[in-house]
Amino acid sequence: MNFIAKFILEVTDFAEKESYVIFSYVLSEIRGFYYDKFPLLNAYSFIFDKILTKQFPKIRSHFMTLEIPQEHWVDKWIQTLFTMRLSICIWFSVHYCYST
């Protein structure tokens, strides 16, 4: 969570009020990641495993050989993709807030 909050603060040039509004919206969109037993995270992990198996079988095999559980790294990978994608969404949100 702090990874996402920090990113939003930086993108909004540390405007606390705007950051809070955007962060609240983001939380409402990703709340399934934080419900009991993490249903959305489990779904994303399952999908990620299927894609990895089909598209990058050697990498998946390597991870399996190293015995690295997905729970240790998939959520970080998803957060990174989320914030990379989020920058455009935030830009539009901030632009909309200031243009109206």
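Me: Hi! Is Asp49 buried or exposed?
Reply: Asp49 is buried, with a relative accessible area of 17%. Buried stands for under 20% relative accessible area, exposed for over 50%, and partly exposed for what lies in between (1.4 Å probe, protein chains only). Keep in mind that this is a predicted model, where local features need pLDDT of at least 70 and side-chain atom pairs count only at pLDDT 80 or more, while totals for chains, interfaces and linings use all residues. Residues are numbered from 1 along each chain as its sequence is written, and side-chain values use heavy atoms, with hydrogens and water left out.

Me: Thanks. What does Asp49 form a salt bridge with?
Reply: With Arg60, and the closest N and O atoms are 2.7 Å apart. A salt bridge here is a side-chain nitrogen of Lys or Arg within 4 Å of a carboxyl oxygen of Asp or Glu. Asp49 sits in helix H3 and Arg60 in helix H4, so this pair ties together parts that are 11 residues apart in sequence. Helices are DSSP runs (H or I, at least four residues), as are strands (E, at least two), and the numbering starts at the N terminus.

Me: And how accessible is Arg60?
Reply: Arg60 is partly exposed, at a relative accessible area of 24%.

Me: What about Lys50, where is that one found?
Reply: Lys50 is also a helix residue, found in H3. Its relative accessibility is 49%, so Lys50 counts as partly exposed. From C-alpha to C-alpha, Lys50 and Arg60 are 9.9 Å apart in space, and they are 10 residues apart in sequence.

Me: How many salt bridges are there by this rule?
Reply: Two. One of them joins the side chains of Glu10 and Lys6, at 2.6 Å from N to O. Glu10 and Lys6 are four residues apart in helix H1 (residues 2–11), so about one helical turn separates them. Glu10 is partly exposed at 42% relative accessible area, and Lys6 is partly exposed at 49%.

Me: Switching to rings: how many aromatic pairs come out?
Reply: Two aromatic pairs. Phe48 and Trp73 have ring centres 5.2 Å apart and planes at 80 degrees, so that pair is edge-to-face. For the rule, rings of Phe, Tyr and Trp (its six-membered ring) pair if their centres lie within 6.5 Å; planes under 30 degrees apart count as stacked, over 60 as edge-to-face and the rest as tilted.

Me: Where do Phe48 and Trp73 sit in the chain?
Reply: Phe48 is in helix H3 (residues 39–55), and Trp73 is in the loop between helix H4 (57–66) and helix H5 (74–99). They are 25 residues apart, and the pair links distant parts of the chain. Phe48 is buried at 12% relative accessibility, and Trp73 is buried too, at 18%.

Me: Which residue forms the tilted pair with Trp73?
Reply: Phe63 does, at 4.7 Å centre to centre with 40 degrees between the planes. Phe63 lies in helix H4 and Trp73 in the loop between H4 and H5, so the pair ties together parts that are 10 residues apart in sequence. Phe63 is partly exposed, with a relative accessible area of 23%. Phe48, Phe63 and Trp73 form one aromatic cluster.

Me: OK, the core. Which residues make up the largest nonpolar one?
Reply: There are 12 residues in all: Ile4, Ile8, Ile22, Val26, Ile30, Phe33, Leu41, Phe48, Leu52, Trp73, Val74 and Ile78. H1, H2, H3 and H5 are the elements that give two or more residues to this core. A nonpolar core is a set of buried Ala, Val, Leu, Ile, Met, Phe, Trp, Tyr and Cys residues joined through side-chain atoms within 4.5 Å.

Me: What is Leu41 in contact with, leaving aside neighbours within four places in sequence?
Reply: Leu41 is in contact with Gly32, Phe33, Asp75 and Ile78. Contact means heavy atoms within 4.5 Å.

Me: Last one, the whole chain: how many helices and strands?
Reply: Five helices and zero strands. Buried residues make up 25% of the 100 residues. Of the contacts between residues at least 6 apart in sequence, 55% join residues at least 24 apart. The chain exposes about 7,800 Å², with carbon and sulfur atoms supplying 65% of it; accessible areas come from the Shrake-Rupley method with a 1.4 Å probe, and for residues only the protein chains shown count as cover.
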